[in-house]
Amino acid sequence: MGRQLTTLILTAAAAAVTLPAQEVLAPTPEQVGSTRGENVGAYNITDSFEFGYRFASVFGNDGLYRSDINYGNGLRLLGSTLTIDSKDGHGRPFDELLLTTMGLGRDPYESVVLRIRKNRLYRYDMNWRENQFFDPGVVISGGEHLMNTTRLLQDHDLTLLPDNRVATFDLGYSRNTLTGPALTSAQEFDTSIVAFPVFSNIRQQYNDFRAGATLHLARFTFIVRRTWEFFKQDTVDSQTAPEGSIDPIDPSVLQTFSRTQPFHGSNGAWLGTLFTSRKHWAVNARANYASGKGDFALNEMATGTDRFGAAANREILVNGDAQRPTLSSDFNLTILPTDNFTIVNHTAVSNIRIDGNSFYSEYDFATNTLTMLDFNFLGVRTVSNATNLRYNPRKWFGVYAGYTFSDRQIRVEEAFNLPGVPNGSGSSLYPQDSTLSAVSGGFRLQPLKPWTVNLGGEVGHASGALTPVSDRNYHTLGGRTQYRTRLLQLGATYREQYNENAPLSFTTYSSRSRQAGASASWAIKRWVSLDTSYTKLHLDTVGGLQFFAGLVSPQLQTGYDSIFISNIHAANLGARFSIGRRADLFVGYTITKDTGDGRSAAAPPAASGTAALLDSVQTFPLTYESPMARISFRLTPKLRWNAAWQYYGYNEQFQLFSYYENYHAHTGFTSLQWSF
Amino acid sequence: MFAGQRISVAVFILLWVAALSPAQTPTPNAGYVGSNACKTCHADVWASFYKNPHDQALARGDRPPEQTGCEGCHGPGQQHVAARGGKTTIGHAFSIMQPKQILEDCLTCHAKDLQKANIQRSEHTLNGVTCTNCHSIHHSPSAKFLLAKTRSETCFACHASVRAQFEMPSKHRVNEGVMDCWDCHNPHGTFTATWRMATRPPMVEQTGLNDEACIKCHSDRRGPFVYEHAPTVVEGCERCHYPHGSTNGRLLRRPVVFTLCLECHNGGGTGTRLAGVDLTTSGHNLLDPKYQRCTTCHVRIHGSNADPLFLR
């Protein structure tokens, strides 16, 4: 009995340790530990509902608050859990039912998870999620591309004969929709880059059906799966009232605008996998082919006046279809010659082709000219082989090493017909090959049973980098040490990733990121536990630039670098207290502070020249912090009262785009939680 | 019905018939005492074991002890019973076993799962992280998967820097509970990526259509587009975005978009035409604020069916 009690205490303490240091306000995490619930017939039932009122009070930039946090006011079913488990494994019609919900009632993040399982016969999993997304679009367009959309995701998976030793079958369905209003922009009338704001009604829908079977025969497992995906985008952009240009000095006016651009298509995929695992070897092979086909059309009509005040109109018609067949296959051979030595060789081939028939026609009524463009072909074929060796000569010591070689071919074919452009017709083919070689290695030490140390790294070189910032000469180095007991967990990590690409033919690029952190979780007593971590994220990049700029007229600028420096200090602290047997109190604090490159004041206004402009975007110091407190009182054995408060403070130290987006908000909830 | 469909139907019927065929006859093995013997001392484990997925095999009642119940994982218990307890008398006491042994024990049954097909070469396995580091078989607080901690807290126990990224202003909603780490990652190892030269995405799961995990939700980015923005296909979304969290809007790698664009569009690299990535045009005067927000005009930056410059 004493031993069981000790085990229960240790379990409860360990569970307390696992409680997160910082979490969003609701739902309130249930205390875990001993078995609870009520027995009804052959079933054990547990149930929990947390119903309450969520509040939010926002000061400052509401748009960015909604982008980052988005909690509002109102009644919510903050969380619920229902479990029904058969005690003998022979329940009818199911042996397990699990239903959890979160945020129902217009929280921006809502989810429902359902699992129903009947031993030997079936298992059904459902995952439903809704995410209310708001973004002011300041970074990408100075606020012209605001989005206020809802993404709805649902996945249904039914497995028949789930633990059958010969064959199992699975059926699945997923649906993904994105709907809602947004703002976008349209460039019209000429090529002087004049854009007008227009309204966008986003409507996207994806439906995915799956069917598959798994066969176990002669210790081999064979999986075949068929997938059908159907997608359609019917977003409509429109503008009915006269609208001026985004550029304040541009006199152009957009009188009417409409753009429909339906894009419907389907993807069919086959997956075949064969694998087996024996005492001294294992093999898995996979082939996956996905066809992709999309039919599209675009009809855009704009009327208005151009920048010279003359009447202008424009109609663009596009139609065509596109294919995107992809094939990927893997062959993985694992050899286990001894109990402590493992060799894994992996070969992979993938091929993506994007091709199709497209006829782009733009008719300019003013000049009676027709522009035609044809499809661009993009193909990417990659072959890679990797070998990993793992050797564990002692329980306290293990090493690994690996070598990866990858060969990639990109083929781009452009066909075009550009009136007025010299040699602006015909087609051009651009094939290019790249190779990558990488060596990796590391070791694991376990000096004491609860103490582990890991060190590892990778050095790689790639030829033919597609972009200046692609991996070319890189290395990673990482280490981790952990001390873990039931009541105390300590950890420290370090990781650096350098990509030094200089010299390239036109420019230089260097990216260096370093992460260092430490964390601790400690169940000091049964009634108090602490959880804390600190992370330092450093990033500095330097990239050569070529662009056009000038105070009078734009000239090619070649002597500048794009420099970006970020030094983020992120910390969190959480403390949980149990007060008697009545109350639980949680207090937490997180902070993300980017100190930038250390400068104390923002760069002078960019209007003074190119150097000043680039200087002003080299660093972006800010502070984002969030203290919180949550208390939970046990009113009766089945009823608790919860209350919580969480503050969010966002403070940009330097302004971008001439204004700050700072905000602070008080959020929280009060709720009743009924559970047994 | 097409020939391919007929073949598919025939294969499914054959598999179904095979599945309903009788299971193998169990063969008794020495040293096994059955799970009932374990109840006496380990009542705390037994009391809630019916909630454990591993109870399914036990409930069937048609499998020998070495394939089910306590001894299915822990090995024959006769010596342990005779010695009246003790870890060293358990054939497979996971708390004192090497990571490799633990992995092999679990793979005895779980090797048949597609999700674990690459576990031998996963970064977790290479670094000695094994099943019991993340899963708690007997005392799991999670609703699914027998995780040692609740949801993504399991991962944050080691990946504190990732937790920090999810606490940044712009982030995927993992802490808010609408996403989990395994929406994008397979902690058991993945097949080789079809992007980024097939290297270094740390256990990032692919979609069923061979795409990056991002496409599972952001399906509209998949295309196919007449005019692809090549880096998104060739190098993946993380070329411009931080997938976990960022201090910049839209998870971008830079606080202002023009620096992100110009770091590539400077004539360097090979570009798609083997002449370096295209420069911006001479008409784009960077000192004019409207040219500093590239995506104001290049609205279809992930790919377009109508404009090679992604203007519509």
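A residue is called buried if 20 or more other C-beta atoms lie within 10 Å of its own, exposed if 12 or fewer do, and partly exposed in between, with the C-beta atoms placed from the backbone. What you have open is a predicted model, in which local features need pLDDT of at least 70 and side-chain atom pairs count only at pLDDT 80 or more, while totals for chains, interfaces and linings use all residues. Residues are numbered from 1 along each chain as its sequence is written, and chains are lettered from A and ligands numbered from 1 in the order in which they are written.

Begin by selecting chain B, where 56% of the 312 residues count as buried. Colour chain B by secondary structure and you will find 13 helices and 4 strands, where helices (H or I, at least four residues) and strands (E, at least two) are DSSP runs numbered from the N terminus. The radius of gyration of chain B, taken over C-alpha atoms, is 27 Å, well over the 20 Å given by the globule rule (2.2 Å times the number of residues to the power 0.38), so chain B is more spread out than a compact globule. Along the principal axes, the C-alpha atoms of chain B fill a box of roughly 85 × 55 × 30 Å.

Next, colour chain B by domain, using residues 35-96 for domain 1, 110-198 for domain 2 and 214-304 for domain 3; such bounds come from an automatic or database domain assignment. The C-alpha centres of domain 1 and domain 3 of chain B lie 56 Å apart.

Now show both chains, and look at where 180 residues of chain A are in contact with 120 residues of chain B, two residues being in contact if their C-beta atoms, placed from the backbone, lie within 7 Å. The side of chain A that touches chain B has 75 nonpolar, 80 polar and 25 charged residues, where Ala, Val, Leu, Ile, Met, Phe, Trp, Tyr, Cys and Pro count as nonpolar, Asp, Glu, Lys and Arg as charged, and the others, Gly among them, as polar.

Finally, zoom in on strands β15 (residues 281-305) and β16 (residues 311-323) of chain A, which pair in the antiparallel sense over 13 bridges; strands pair if DSSP finds at least two bridges between them. A:Ala297 has A:Asn319 in β16(A) as its bridge partner. The two strands form a hairpin with 5 residues between them, and A:Gly309 in the turn has a positive phi of about 90°.
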